[in-house]
Amino acid sequence: MKAYRVEPLWKGQSCFIIGGGPSLKEMDLTPIHKYNVIGVNDSFKLGSWVDICWFSDCRWAVWNHEALTEFPGKVITCARCNCQHPALQVRRTEQRGLSTNPEEVRMNRSSGASAINLAVHLGVKKIILLGFDMQVRDGKHNWHTNHKHIPSPDIYIDRMIAPFDTIAIDAKKLGIEIINCTPDSALKVFPYQVLSEVCSGLNN
């Protein structure tokens with residue numbers, strides 16, 4: 001199958017990437033409804049204001065097939081599978097950092113991290129992260145209870161956090177600003193800002 005080539009539809013603009021962290025349950029996301037939004041995994045279910053659903057796990061696509069077919073936005077994936085999901089497929093590589101080839105993304109060991117590479121291909125100059133807790137809170141990995149596989153609590157420190165260091169270096173080289181609006185996130189490589197303050201400073 002020929003890889004989908006991501007077009008720079010949001011060139012020079014900003015976008016929000018919504019992860020799956022439990023902090024989302026405490027956040028009012030209304031201020032971001034008018035902006036460009038990528039929803040990682042189940043985050044596309046938050047509302048029709050999510051523009052793109054991104055996932056990297058074929059099992060997840062099977063579990064959510066019906067909801068994906070009803071989603072009005074774009075569905076894009078780097079999952080290596082042949083299941084019948086309505087997704088545009090880019091290639092994935094296991095390298096760390098950010099690829100500038102619009103037909104591939106670097107996986108960076110998590111769907112949330114790889115979504116940053118998707119945003120780069122979309123041409124954005126500012127990326128704002130939400131739900132990137134990178135830790136278990138009150139025994140919960142996610143803001144929802146839909147996942148059928150519960151990972152180890154150590155997965156964040158053992159696997160997921162480390163690749164963000166290389167992502168941060170590559171983003172700086174590309175002139176892309178990344179801000180983390182996840183309260184008390186264990187991901188410290190990007191500067192933290194309060195969501196309302198970020199939104200008040202956006203022009204697009």
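Q: Why does S99 count as buried?
A: The cut-off is a relative accessible area: buried means under 20%, exposed means over 50%, and partly exposed is in between (1.4 Å probe, protein chains only). S99 has a relative accessibility of 3%, so it counts as buried.

Q: What kind of model is this, and which pLDDT is needed for local features?
A: It's a predicted model: local features need pLDDT of at least 70, side-chain atom pairs count only at pLDDT 80 or more, and totals for chains, interfaces and linings use all residues. Residues are numbered from 1 along each chain as its sequence is written, and side-chain values use heavy atoms, with hydrogens and water left out.

Q: What makes the link between the side chains of S99 and E104 a polar contact?
A: A polar contact is a pair of N or O atoms within 3.5 Å; within protein, one must be able to donate a hydrogen and the other to accept it, and residues adjacent in sequence count only if both atoms are side-chain atoms. The S99 and E104 side chains make theirs at 2.9 Å. The S99 side chain also reaches the backbone nitrogen of N101, at 3.0 Å. S99 itself is found in the loop between β6 (91-93) and β7 (104-106). By the way, helices (H or I, at least four residues) and strands (E, at least two) are DSSP runs, numbered from the N terminus.

Q: How do you know that β3 and β4 are paired by bridges?
A: Two strands pair if DSSP finds at least two bridges between them. Here, four bridges join β3 (residues 52-55) to β4 (residues 74-77), and these strands run parallel. For example, F55 has T77 in β4 as its bridge partner.

Q: Which elements of the sheet does helix α3 touch?
A: Contact means heavy atoms within 4.5 Å. Helix α3 (residues 111-121) packs on the sheet and touches β1 (14-18), β2 (36-40), β3, β4, β8 (126-130) and β9.

Q: How many bridges join β4 to β5?
A: There are two, and the strands run parallel. One spot to look at is I76, which stands opposite L88 in β5.

Q: What is the order of the strands in the open sheet?
A: The seven strands go β5-β4-β3-β2-β1-β8-β9, with parallel pairing.

Q: Why is one side of β5 and of β9 left without a neighbour in the sheet?
A: β5 (88-89) and β9 (177-180) stand at the edges and each has a single partner strand, so one side of each stays without a neighbour.

Q: Why is the pair of F164 and F190 edge-to-face?
A: The ring centres are 6.1 Å apart and the planes stand at 85 degrees, so the pair is edge-to-face. It links distant parts of the chain: F164 sits in helix α5 and F190 in the loop between β9 and α6 (195-200), 26 residues apart. F164 is buried, at 0% relative accessible area, and F190 is buried at 7%.

Q: Which residues touch the most other members of the largest nonpolar core?
A: A nonpolar core is a set of buried Ala, Val, Leu, Ile, Met, Phe, Trp, Tyr and Cys residues joined through side-chain atoms within 4.5 Å. The largest one has 36 residues, and I17, I38 and I127 touch the most other members. β1, β2, β3, α3, β8 and α5 (164-174) each give two or more residues to this core. Its largest share, six residues, comes from α3. Another core lies apart from it, with 29 residues, among them Y35, F71, C199 and L202.

Q: What is the phi of N41?
A: It's near 50 degrees, a positive value in a residue other than glycine. Most residues other than glycine have a negative phi. N41 lies in the loop between β2 and β3.

Key
Axes are lines fitted to C-alpha atoms, for helices over the stretch in contact, and angles run from 0 to 180 degrees between N-to-C directions. Rings of Phe, Tyr and Trp (its six-membered ring) pair if their centres lie within 6.5 Å; planes under 30 degrees apart count as stacked, over 60 as edge-to-face and the rest as tilted.
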